[in-house]
Amino acid sequence: MSSGGQKLLSLDSGGEASVENIHGNYWFLPWHRAYLYFFEKILGKLVGDPDLALPYWDWDTRGRNVVPPPYVIPGDGSNSLFDAYRGVVPWQAMPASATSADEMKRLLNLRDWASLMGGPAGSGRPGALEFGTHNRVHQWITDPSGRANCGVQDMGIFSTAGQDPIFFAHHVNVDRLWEVWRNLGGEQRLPADAEFRQRTWTFYDENKRWVSISMDQILDNAGSLRYEYSRPSLVGRMGHGVGHGVAVSHPLTGAVTPAPSKSVAKAPGAAQLLTSEPQTVSAPVLVSAEIALFGAAPPSLEPTVRRLHVDGVALPPGGSTTVRVFVNLPDADERTPPSGPNYIGAFTVIPHHGSGHADVTRQDVAFELSAETEQVVPGAGAILVRLIPLAGEDMRPLGLTLEYQTVYVATE
């Protein structure tokens, strides 16, 4: 539970009433924090308990990667926390790789805000916390087999996700992981641009007033929003034994707010099709202008990160799937363990609307290369990128038609 009082939600901004899409960019995390905060205050007013705090579902903790029993038992309309559109059954565990120690290590060791939070507004580039475990849990709740390739209401479609009570416990945990990651690196783990820092949103509060909340208030969860999370265990999720709570480790050195991309821009290519079969793509490794000029980045420049980009990802309206990504491992398939230096990570696509809508949303997925992976990716030339569509933990989806445009490595 959050301590000290306030925290979180109402209808997801991916929904019909939304005037702005806060998915696929760095608005995703702060907007949901404000959303959940006002929702919690409204619930507290309704039940006469101003100290009411929403619970979080810590699916990243060992043994808790099942839907919490109060949400599924009893499994019928007599339970106000039950949702008939869920595909999971009591005590069914989500795929281990979705919330594994390796996955949490990969997430929490990301070095800059653009990797974890995503690109600026309108960029269509979600961060790793959104396109990774967050999306995977959304999909798993309604379609645990992952073979349907389409979003299933409620949790499997953004416009209906808030209709399932588990949505709130899920998003509180996403917010918690963001806070853990921020605490590892301080202010450099937030965008510095004015568009982000000066942003405000407007919500109805518990007294039915239309009120604004600033980014400064959103980021000051302890002072302005009056809630904090229990400190996580510092072992267990970083490969040093198994403990309870989110595992963290010391971040890699040199974490800074990244400068704008220093690589040559990569123009979108013609649409490529990914079906249910794994596919190997030759991807260029773009050399930054500084390295091309000096042979290495001058010490005076800000440290950079390299990212593997898969740009222009899109599915048919209502489509949903998960794709694992390996580099320089062309024989990898759905049974290859998602670990080791050649494994980059996975992304899950969740539709904003069901199949009855004609909209197709393209997004650009970018994976920060870990220090381990840097050892198998050259400084220039090309690499082989293996894209593996996934159903469940180790099966292929059926009838998949995913499009993407460009795959490359860039220094940013």
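Predicted model: local features only at pLDDT ≥ 70, side-chain atom pairs only at ≥ 80, totals over all residues.
Colleague: Over the ring of which residue does the charged end of Arg182 sit?

Modeller: Residues are numbered from 1 along each chain as its sequence is written, and side-chain values use heavy atoms, with hydrogens and water left out. A charge sits over a ring if NZ of Lys or CZ of Arg is within 6 Å of the ring centre and within 35 degrees of the ring normal. For Arg182 the distance is 5.6 Å, and the ring belongs to Trp178.

Colleague: Which charged end sits over the ring of Trp27?

Modeller: Trp27 itself is buried, at 1% relative accessibility (buried is under 20% relative accessible area, exposed over 50%, partly exposed in between, with a 1.4 Å probe and protein chains only). The charge lies 5.0 Å from the centre of the Trp27 ring, and it belongs to Arg199.

Colleague: What kind of aromatic pair do Tyr26 and Trp27 form?

Modeller: Rings of Phe, Tyr and Trp (its six-membered ring) pair if their centres lie within 6.5 Å; planes under 30 degrees apart count as stacked, over 60 as edge-to-face and the rest as tilted. Here the centres are 4.9 Å apart.

Colleague: Why do Phe39 and Phe168 count as stacked, and what is the angle between their planes?

Modeller: Phe39 is in helix α1 and Phe168 in helix α5, so the pair ties together parts 129 residues apart in sequence. Helices (H or I, at least four residues) and strands (E, at least two) are DSSP runs, numbered from the N terminus. The ring centres are 4.4 Å apart, and the pair is stacked because the planes are at 10°.

Colleague: Are α2 and α5 parallel or oblique to each other?

Modeller: Axes are lines fitted to C-alpha atoms, for helices over the stretch in contact, and angles run from 0 to 180 degrees between N-to-C directions. Under 35 degrees counts as roughly parallel, over 145 as roughly antiparallel, 65 to 115 as roughly perpendicular and the rest as oblique. The axes of α2 and α5 are 10 Å apart, at an angle of about 55°. The two helices are therefore oblique.
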